[in-house]
Amino acid sequence: MFERFTKDARDVVKGAYAYVEGSGGGGQCVEPEHLLLALLDREGSRGSFALVALGLDERRESVREALGEARRRAGLTQAETDALAGLGIDVEEIVARVEEAHGVGALAGDRKGKGRWSGRVSFGRGAKEVLERSLRVALAQRDRHIGDEHLLLALTLRPGVPAEVLADHGVTYESLVRVLYGSGGEAKAG
């Protein structure tokens, strides 16, 4: 499948690895959140064009903050947090108590201070699903390659934090398809 990836899509995957390996991402696996962070860093690609066209350029930092807050909540979406609140479970209170006892970011899964992990960084199940879905998205659009725009579209289709954060910022599958392909379904952006 990677032979179908454009340079931009490969750069997104490399960027996601960098988030995991560097101080910005934590953890041992590339997750969908890391792919979104790497997409936010892109410039001059079809995916970055679509994000700018949808007004996300000025709100990239807000997206990063929302991803960080979700990470702090152990990856729970706001919808999941609200559902738990409906059951009388205050996620923010739990996070506060855990952080009081174990330090800020304890639920984020960061491995800082827990010894060096010597294994290779791999793809988590969610990131694998995004990559597989990006292939299906490209095929559905009759594209012969998988670009960063297909990764972005796939992120909006997979339930979870990235899709929720993007939707909260006005970026949905439908809005991306409109920007990227117009109403006729043919490649338009970039």
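Start by selecting His150: its side chain reaches the backbone nitrogen of Gly147 at 2.8 Å, a polar contact (a pair of N or O atoms within 3.5 Å; within protein, one must be able to donate a hydrogen and the other to accept it, and residues adjacent in sequence count only if both atoms are side-chain atoms). This is a predicted model, where local features need pLDDT of at least 70, side-chain atom pairs count only at pLDDT 80 or more, and totals for chains, interfaces and linings use all residues. Residues are numbered from 1 along each chain as its sequence is written, and side-chain values use heavy atoms, with hydrogens and water left out.

His150 sits in helix α8 (residues 148-157); helices are DSSP runs of H or I, at least four residues, numbered from the N terminus. At 0% relative accessibility, His150 is buried (under 20% relative accessible area with a 1.4 Å probe, protein chains only; exposed is over 50%). Now show its contacts (heavy atoms within 4.5 Å): not counting residues up to four places away in sequence, His150 touches Ser134, Val137, Ala138, Asp143, His145 and Tyr181.

Next, select α6, residues 91-102. At its start, a side-chain oxygen of Asp90 reaches to within 3.2 Å of the backbone nitrogen of Glu92. Which residues of α6 are buried? Colour Val91, Val95 and Glu99 to see them. They cover an arc of only 65° around the axis, so they lie on the same side of α6. What covers these buried residues includes α4 (60-72) and α5 (78-86). Turn to the other side of α6 and you will find Arg97, Glu100 and Ala101 exposed. Finish at Gly103, which follows α6 and has a positive phi, near 105°.

Definitions and conventions: Helix = DSSP H or I, 4+ residues; strand = E, 2+ residues; numbered from the N terminus. Expected span 1.5 Å × (residues − 1). Arc of directions from axis to C-beta.
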